Each structure stands twice: as C-alpha cells, then as structure tokens.
Amino acid sequence: MTAVLTVNAGSNSLKAHLVDAGSEEVVGSVDVEGPPDSDDTRRALDELSADADGVVAVGHRLVHGGPDLRAPTVVDDAAVGAARRAEALAPLHVPPALRLLDVLRGRLPDVPHVLCPDTAFHADLPEVAATYPLPARWRERHGLRRYGFHGLSYRWALDRAARILDRPADGLSVLMTHLGGGCSVCAVRGGRSVDTSMGFTPLEGVAMSKRSGSVDPGMLLWLLRNGVDLDALEHGLNHESGLLGLSGGRSGDTRDLVAAAGEDPAAALALRVFAHRARRELAAAATSLDRLDALVFTGEIGWDQPEVRADVVAGLSLLGVPGDLTTPPDGDGPVSPPGAAVPVLVVKPREELQLCRDTLSAL
C-alpha cells in the first residue's frame, strides 16, 4: 500500500489519518486532545506511523499561509521560514502545527513533508474582495488583506457538489458555508473563491463556537479605553464569545444548545443569533455571483445539525433557497425537495482526503 500521512494540528488537539493514496480510503487514524507535543500525541503518532515503510509523504494542514505560502508547498527551510512569518496571524493554530512538523520531520526524515495552507483556496481572490478600506500605508507596510480560510474543506466540498450536480466544478456558481468550531462562508464562481467571510485572521465573519466573528471595531476601541486590556480582549474574542458567550457560558456546542433551547432563553437566543449571522454572510457573499446553482453546507455543524441548517435557510427565500428541507441522505447529497430552483446540499467534511490530494499534487 502507498499511503499519505495527513496531519491536522489544532491549538489543543491532533487529528491524523493514514490515507491509501490509490483508493483515498482512510486506513488508520488518531484523534487526540492535548498539546501537539504532549506524550499522548507522541504515542498516537508512533502507533499511526508504525507502518512507515508504506508512507510516501506527510501532508500538514497549515491554517494560515500568510503572504508567501499560496499553494501546497514541499517543506524546506524557505517554506518553514514563510510559515513562521504567519504565526502571528493565526497564533492559536500555526505555532502548534509547526511544532508538530518538527516532531514528524524527526520521526520520518526520509519522506517529503508538504505544507497545505487553508488560505490557498482563496489566494486569487479578486482585488475588490481582498482589499480592506484602510490607509494605503498600513496595507502596504503590514500586508493587510483578506486571506480567507477553510480552503481545504471548501475545495473538497466544491468537488463533491460538482459530482452530486453532475456538472464540472469550474462551471459552478455556488454559495458554501463551513459551520463547525470555526465558521465561514464562501462564494465560488467558475471554480474560484470570489468572496469569503473570514479575513486577515480566522476571527472575522460568522459567529462561531467560541469566537466572536465580526463585531464593531469602534466597540473594541471603546473596551480598550475603558479597562479591558489587550490580552483580556484577545482571549475574550477567541475563547469566550460566539455560541459560548451568547449562551451565558452554557456551551459552544450547537447540540447542547438545541437540546436546551426549549427551557433556556439564552441557549435559544444563541442559536437564533448564530443562524442570523450565517444568513447575513451568505446573502452578502451572493452579491459576488451572477447566479446561484446551489447552497452547500459542510463542517461538523453544517453536515450533522439539521436544526441549524433549517434555521439558516429559513431566511434565504429571497435567494431562491427553499425553506422546507428534507431528511438528510445517508451520505453527501441534497436536503432540498426535488426540483428546487436552488438545491441545498450537505457534504461531509473530509479535510484529510483533500490533504492527501494536495500533498500528492505538490509532489
């Protein structure tokens, strides 16, 4: 068997898969909570890479590629240096990914390692969508632009949607939303990302599990001037906001909130705000399209939370999206009635398989 080891390091977790490069079947996996350089993680990696003779490459998900890593890139000193320059742009994600890269290069030194940036899918955003209305001297000095994220998920979902609709991916004009711990929206025209809700960092856009999404920047300045220090502000926006903050600290998990919504007004409000913000971003992204061939849900929530999907589409009738969704299919497929003007599709997130594809393409 010829296999690719795919590695997805979170801020406090690791998901790794051994993927048969020929069949794209997962033949081994580990899912570990804890720092990427913990003993538990090391033991899990040892177990997964025990059959290293069959591993031809290792693909590493890199949440933020910064200005320099715009495509899947074989690891060398220059690539690692470029990734390190992006650490400050995604401090929750890039540093642990690079620590894990060091660990695995030591364990598997004789196979190529590939960095697969989530930002690569959005690397060619139109200038009008990528440019922030900020002073030119700031944009030029600091490289301020919209990068976009969840690119691995969107690339996989776009190809699956094309197969479901029996149309070429480069001929589709679709809205997609990745709803999970992090959430975003993307408009795709002609196989390219032409607008997306996440921006310079993964904090912009839709409300998320614990991240705020977009809020009034003037409010943040007000907080800084009125007793909230910078570290507390950063922590609150990244770890105490979103569904968790809206529900009064009850949970950042939509499954918990759906179960509690009938008796807990804060949980019900959290779900309503979440759906409203997702609808708002989808409607805004639709202005970058000349038609709408489908709406695609992916991510853990988008794939497996029908109550949330129903709440999101309930406010999109102006776009031709049906509000009467059907029972989800066994796999990827439509959840809208047959003949809907704008089909609504669900696609299971398979970032590990896209990592395998991108790793092999870089080689």
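## Nonpolar cores

The largest nonpolar core has 70 residues, of which Leu5, Val58, Leu175, Leu295, Phe297, Val312 and Val321 touch the most other members. A nonpolar core is here a set of buried Ala, Val, Leu, Ile, Met, Phe, Trp, Tyr and Cys residues joined through side-chain atoms within 4.5 Å. Helix α11 (residues 265–286) supplies the largest share of this core, nine residues. A second, separate core of 21 residues includes Phe121, Ala169, Val174 and Leu353. The model is predicted: local features require pLDDT of at least 70 and side-chain atom pairs pLDDT 80 or more, whereas totals for chains, interfaces and linings use all residues. Residues are numbered from 1 along each chain as its sequence is written, and side-chain values use heavy atoms, with hydrogens and water left out.

Leaving aside neighbours within four places in sequence, Leu5 is in contact (heavy atoms within 4.5 Å) with His17, Leu18, Leu48, Val55, Ala57, Val58, Gly59, Leu104 and Leu108. Leu18 belongs to strand β2 and is buried, with a relative accessible area of 6%. Buried denotes under 20% relative accessible area, exposed over 50%, and partly exposed the range in between (1.4 Å probe, protein chains only). Residues up to four places away in sequence not counted, Leu18 touches Ala3, Val4, Leu5, Glu25, Val26, Val27, Gly28, Leu48 and Val55. Pro343 lies 325 residues from Leu18 in sequence and 34 Å from it in space, C-alpha to C-alpha.

## The six-stranded sheet

Six strands form an open sheet in the order β3-β2-β1-β4-β6-β5, with mixed pairing. Its edge strands, β3 (26–33) and β5 (73–74), each pair on one side only. Helix α1 (residues 39–48) packs on the sheet and touches β1 (3–9), β2 (13–20) and β3; the direction of α1 makes about 175° with that of β3. Axes are lines fitted to C-alpha atoms, for helices over the stretch in contact, and angles run from 0 to 180 degrees between N-to-C directions. Helices (H or I, at least four residues) and strands (E, at least two) are DSSP runs numbered from the N terminus, and two strands pair if DSSP finds at least two bridges between them.

Strand β4 and strand β6 (residues 113–117) run parallel and are joined by five bridges. His113 lies in β6 and is buried at a relative accessible area of 4%. The side chain of His113 reaches the backbone oxygen of Leu108 at 3.0 Å. Beyond four places in sequence, the residues that His113 touches include Val58, His60, Thr73, Val74, Leu101 and Leu104.

## Arg61

Arg61 lies in strand β4 (residues 55–62), and its bridge partner in β6 is Cys116. With 14% relative accessibility, Arg61 counts as buried.

A polar contact of 3.1 Å joins the side chains of Arg61 and Asn8. The term denotes a pair of N or O atoms within 3.5 Å; within protein, one must be able to donate a hydrogen and the other to accept it, and residues adjacent in sequence count only if both atoms are side-chain atoms. Apart from neighbours within four places in sequence, Arg61 is in contact with Val7, Asn8, Ala97, Cys116, Asp118, His150, Leu152, Glu351 and Leu355.

## Further annotated positions

For "binding site", the unreviewed UniProt entry also lists Lys15, His178, Leu179, Gly180, Gly181, Gly182, Asp253, Thr254 and Arg255. Gly181 is found in the loop between β7 (173–179) and β8 (183–189) and is partly exposed, with a relative accessible area of 43%. Residues up to four places away in sequence not counted, Gly181 touches Met208, Ser209, Arg211 and Glu300.

Thr254 lies in helix α10 (residues 254–260) and counts as buried at 2% relative accessibility.

## Hairpin and helix ends

Strands β8 and β9 form a hairpin with two residues between them, and Gly190 in the turn has a positive phi of about 65°. The two strands pair in the antiparallel sense over four bridges; the bridge partner of Val188 in β9 is Ser193. Four of the five residues of β9 (residues 192–196) are buried, so this strand is largely enclosed by the rest of the structure.

Asp216 caps the N-terminal end of helix α7 (residues 217–225), with a side-chain oxygen 2.8 Å from the backbone nitrogen of Gly218. Following α7 is Gly227, whose phi is positive, near 100°.

Terms used. UniProt positions renumbered as here; feature names shortened; annotations may be inferred.
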